[in-house]
Amino acid sequence: MFENVQTGDSVLLLWADLGPATDQFQAAVTSLKERVGSGGGRVSVENRERLTLSAHPASSFSRIFSGCLGLASINHDLDTLASLTRLLRQGELEGGRNWL
């Protein structure tokens with residue numbers, strides 16, 4: 001799932017309900033951190049309910065993974081999609097390849 005993440009990427013991992021998959025979630029965060037490296041890349045983890053409180057500036061992320069881990073409980077309504085597109089860097093929506 002994260003094979004397109006590259007060194008230097010800024011990644012947002014959005015979750016809602018992990019259920020019993022907390023170990024899988026932690027492994028995914030560790031894997032993402034290894035992929036982005038320490039040279040300017042970063043991984044941010046946010047709960048869906050707190051996304052609007054996170055105060056990330058616009059165009060903060062090169063890749064966003066939403067609801068990919070844990071229980072399939074994120075509702076991607078228009079408000080959520082609007083928040084996520086605001087956070088994604090311009091030009092990164094091309095072909096939807098950076099949006100999962």
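Reader: What covers the buried residues of H2?

Author: Strand E1 (10–15) and strand E3 (63–66) are among the parts that do the covering. Keep in mind that this is a predicted model.

Reader: Which residues of H2 are we calling buried?

Author: Thr80, Leu84 and Leu87, in a helix that runs over residues 78–87. The word is used for a relative accessible area under 20%.

Reader: How do you know that they line one face of the helix?

Author: Look down the axis of H2: the buried residues fall within an arc of 60°, so they line one face. There's a general rule behind this sort of pattern: an α-helix has 3.6 residues a turn, so residues three or four places apart point the same way.

Reader: And what does the face turned away from the buried side carry?

Author: Leu78 and Asp79, both exposed. For that label, the relative accessible area has to be over 50%.

Reader: Let's move on to aromatic rings. How many aromatic pairs does the structure hold?

Author: Two. Take the one made by phenylalanine 2 and phenylalanine 65.

Reader: What makes phenylalanine 2 and phenylalanine 65 a pair, and why is it called edge-to-face?

Author: Rings pair if their centres lie within 6.5 Å, and these centres are 4.8 Å apart. Then check the angle: planes over 60 degrees apart count as edge-to-face. Here the planes are at 85°, so the pair is edge-to-face.

Reader: Why do you say the pair ties together parts that are apart in sequence?

Author: Phenylalanine 2 sits in the segment before E1, while phenylalanine 65 belongs to strand E3, so the pair links parts 63 residues apart in sequence. Both phenylalanine 2 and phenylalanine 65 are buried, too.

Reader: Now for asparagine 47. Why does asparagine 47 count as buried?

Author: Compare the value with the cut-off: buried means under 20%. Asparagine 47 has 16% relative accessibility, so it counts as buried.

Reader: Where does asparagine 47 lie, and what is it in contact with, leaving aside neighbours within four places in sequence?

Author: You'll find asparagine 47 in strand E2, residues 42–47. Its contacts, with those neighbours left out, are Leu14, Trp15 and Ala16.

Reader: Zooming out, what pattern does the protein follow along the sequence?

Author: β-α-β-β-α, with two helices and three strands.

Reader: And how much of the protein is buried?

Author: Buried residues make up 39% of its 100 residues.

Methods:
Residues numbered from 1 in each chain as written. Predicted model: local features only at pLDDT ≥ 70, side-chain atom pairs only at ≥ 80, totals over all residues. Heavy atoms only, no water. Buried < 20%, exposed > 50% of the residue type's maximum accessible area, 1.4 Å probe, protein only. Helix = DSSP H or I, 4+ residues; strand = E, 2+ residues; numbered from the N terminus. Arc of directions from axis to C-beta. Contact = heavy atoms within 4.5 Å. Phe/Tyr/Trp six-rings, centres within 6.5 Å; stacked < 30°, edge-to-face > 60°.
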